[in-house]
Amino acid sequence: MNFEQLWLTYVKKENNKEICGIRHIYADCDNPTATHGAEELLLALEVMTGSKPVLHKTPMGDDAEEKNAESAEIIDRIKLCIVPGMKAESYHIYENENWIMIEASDGKGILYGAFALIRQMQREKSLKGLNVFKEPAAPLRMLNHWDNMDGSIERGYSGNSFFFENNEIIVNERTKTYARLLASISINAVVINNVNVKDNATCLITDRYFDKLKELSESFAGYGIRLFLSLNYAAPMELDGLDSADPLQEDIKQWWREKMAEVFTKIPNLGGFLIKADSEGRPGPFTYGRNHADGANMLAEAAEPYGGLIIWRCFVYNCRQDWRDKKTDRARSGYDNFMPLDGEFKDNVILQIKNGPMDFQVREPVLPLFGGLKATNQMLEVQIAQEYTGQQRHVCYLIPMFKEIMDFHTYVAKEKDTVCDIVTGRTFGHTNCGMAAVANTGNDANWTGHDLAAANLYGFGRLAYEPELTAEEIASEWIDLTFGKDEEIKQILLFILINSRGIYEKYTSPLGIGWMVNPAHHYGPSVDGYEYDRWGTYHRADHLGMGVDRSDKGTGYAMLYNEPNASAYNHMETCPEELLLFFHHVPYTYRLKNGKTLIQHIYDTHFEGAAEAAQMRKQFETLKDRLPEKIYKRIDERLLHQEEHSKEWRDQINTYFYRKSGIMDELGREIY
Ligand SMILES: CO[C@H]1[C@H](O)[C@@H](O)[C@H](O)O[C@@H]1C(=O)O
């Protein structure tokens with residue numbers, strides 16, 4: 001099978017005496033997940049040292065060999081030990097008298113600790129005096145796959161699904177490697193099928209698929225990962241011909257009770273379900289005049305006896321808008337639909353909320369349900385599939401953006417009020433909460449299409465477990481693990497990754513307005529692509545200015561935030577400039593804080609962005625002899641494409657606004 005190991009690629013460290021000294025691993029092998037931790041250490045050490053250490057399958061090393069005088073001075077053994085009383089999924093690694101101890105409360109903690117130790121060894125950081133204690137921030141750290149059962153992936157940019165082919169479920173070496181990759185970054189939940197549940201995917205909760213799902217869920221469970229499925233809200237109708245899916249109707253409730261009993265029995269490690277309802281044509285409770293709490297609670301009640309979670313998405317909006325209608329604002333819809341229901345959801349329901357009010361644009365404000373909802377379990381949804389951020393042909397390292405979102409102060413409380421605080425349970429003490437990312441993987445050999453896009457997968461997991469890590473620390477780690485210790489590689493890739501989002505933002509749509517992409521596939525520039533369409537995504541450019549008035553004089557969206565955010569967004573002068581066009585309709589001649597007019601800012605950033613994309617490729621090309629040829633070529637080919645494509649973006653945007661405004665570029669550059 002043709003796939004790579006990404007950051008789990010190990011190389012020989014024969015000159016590293018510390019690593020090569022490790023010859024014994026003692027582990028409690030009663031716990032399958034902890035056993036995987038021991039196996040991972042064996043595997044890594046075998047490659048790094050050239051021979052496999054001895055695994056002692058005894059409860060915590062009763063048979064530990066006495067150290068002789070010779071070995072007394074070197075670290076020669078690792079001990080994995082479950083210590084009751086520690087927080088779930090946490091670990092403590094320390095060196096003590098030349099033992100490396102990994103202590104954890106459970107198998108997952110041991111596994112995460114093992115991977116943390118492997119990272120330490122891959123990066124050749126000294127083990128002497130090691131003392132690291134970590135516990136997870138977000139309880140649920142989840143990936144959402146938008147994989148369809150025919151093998152295609154909605155918004156997939158890395159090949160086809162490795163979970164489904166021809167309506168069958170795949171469980172093989174690749175799905176196992178995937179579980180290992182995810183465990184190594186502490187992901188503990190995966191939804192394998194698309195939230196748009198149609199056709200055969202509706203049948204995932206029937207006999208036809210139970211055996212395979214059980215097999216997959218068991219394989220995942222060994223790596224501390226719970227399997228989730230996306231659910232079709234109208235399943236009672238589509239599977240059993242019921243005439244309704246009304247959440248308050250007794251026969252529908254009964255159908256779900258029986259179905260949940262069946263599904264949770266047949267797939268014992270199932271974590272629960274993800275549901276997209278009343279959104280973009282998917283069925284939901286609105287059809288029956290019911291609300292989302294009615295729908296979610298019906299499912300939650302049926303899943304409750306089995307500890308099942310119902311993760312209900314808030315991506316609900318009117319996708320049949322008339323562009324002339326300036327009162328309806330898609331940005332408001334998540335808030336307007338769900339805010340009135342705060343406190344009405346059962347405990348095993350979690351609302352999954354996209355980071356922004358629109359749809360994963362390169363720049364959006366935080367969706368104000370964060371900071372609005374107080375009595376509802378919440379989960380942050382981000383997208384590492386780069387639907388609107390270059391589709392894994394452009395490099396766009398998203399972790400800096402995720403950190404901005406997580407660090408956003410909602411002012412819902414005096415302290416602990418950030419999005420991160422909310423979804424890690426620190427604000428309201430919730431335990432059913434966390435973070436989900438729409439996955440960016442597929443069956444390409446390198447998993448993510450663009451080799452550099454793997455940094456987003458790696459980074460998401462690391463961030464969800466340890467949000468205090470900086471985007472730069474995460475990128476450095478990923479580079480070291482993936483490409484080995486090479487300062488030159490590290491400096492250049494770090495530069496590219498850290499600047500990539502800013503560069504992408506510069507040559508695409510300006511100042512938070514978003515969109516301007518080709519309809520349907522969403523790749524490449526088309527300024528008016530969505531302007532007269534039904535999706536509620538408008539830039540409202542005329543010959544005088546552009547942007548959407550979401551102030552209290554416009555759609556009122558700005559006022560959905562807590563103070564002082566509401567007032568700040570509400571006024572052009574105080575609105576953060578990177579979001580100016582999201583919140584305001586602004587004349588082209590309006591002067592930004594740096595003295596430039598809006599139109600000049602658009603021209604300048606677009607020329608700069610394209611020039612910086614070219615610069616990025618130049619920098620990368622200095623690595624020609626340092627990277628493996630295959631990888632070098634793959635990345636270089638994408639950077640070249642990006643360089644060319646960024647010019648198309650630059651020219652389309654600049655030309656459009658030049659023609660609309662009639663205002664010349666002050667620097668007289670070529671605008672077509
Ligand atoms: C899975 O559907 C996706 C859809 O492809 C994407 O373009 C979008 O707008 O978001 C949807 C969602 O998040 O549900």
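The structure is a predicted model, so local features were taken where pLDDT is at least 70 and side-chain atom pairs at pLDDT 80 or more, while totals for chains, interfaces and linings use all residues. Residues are numbered from 1 along each chain as its sequence is written, and side-chain values use heavy atoms, with hydrogens and water left out.

Starting with the overall layout, the chain splits into domain 1 (6-134), domain 2 (140-479) and domain 3 (507-548 + 585-661), with bounds that come from an automatic or database domain assignment. Between the C-alpha centres of domain 1 and domain 3 there is a gap of 48 Å. An unreviewed UniProt entry puts the feature "domain: Glycosyl hydrolase family 67 C-terminal" at residues 448-669; UniProt positions are given in the numbering used here, feature names are shortened, and annotations may be inferred rather than shown by experiment. That span is 51% helix and 2% strand, and its end C-alpha atoms lie 37 Å apart. Helices (H or I, at least four residues) and strands (E, at least two) are DSSP runs, numbered from the N terminus.

Next comes helix α5, which covers residues 207-222. After α5 comes G224, with a positive phi near 75°.

Strand β14 (residues 349-354) is mostly covered, with six of its six residues buried. V349, L351 and I353 point one way, and I350, Q352 and K354 point the other. Two strands count as paired if DSSP finds at least two bridges between them. β14 runs parallel to β13 (residues 309-313), joined to it by four bridges, and I350 is the bridge partner of I311. β14 also pairs in the parallel sense with β15 (residues 378-383), again over four bridges, with I353 standing opposite L380.

Most residues other than glycine have a negative phi, and most peptide bonds are trans. F360, in the loop between β14 and β15, has a positive phi near 55°, and counts as buried because its relative accessibility is 4%. N98 sits in the loop between β4 (91-96) and β5 (99-104). Its phi is positive too, about 65°, although N98 is not a glycine, and at 5% relative accessibility N98 is buried. The peptide bond joining E563 and P564 is cis, with omega about 5°; P564 belongs to the loop between β17 (545-546) and α15 (565-570).

Last, the cysteines. With a disulfide taken as a pair of cysteine sulfur atoms within 2.5 Å, the count comes to zero. For C420, the nearest cysteine sulfur is that of C433, 10 Å away. C420 counts as buried at 5% relative accessibility, and C575 counts as buried at 0%.

How values were computed
The expected span of a helix is 1.5 Å times one less than its number of residues. Buried means under 20% relative accessible area, exposed over 50%, partly exposed in between (1.4 Å probe, protein chains only).
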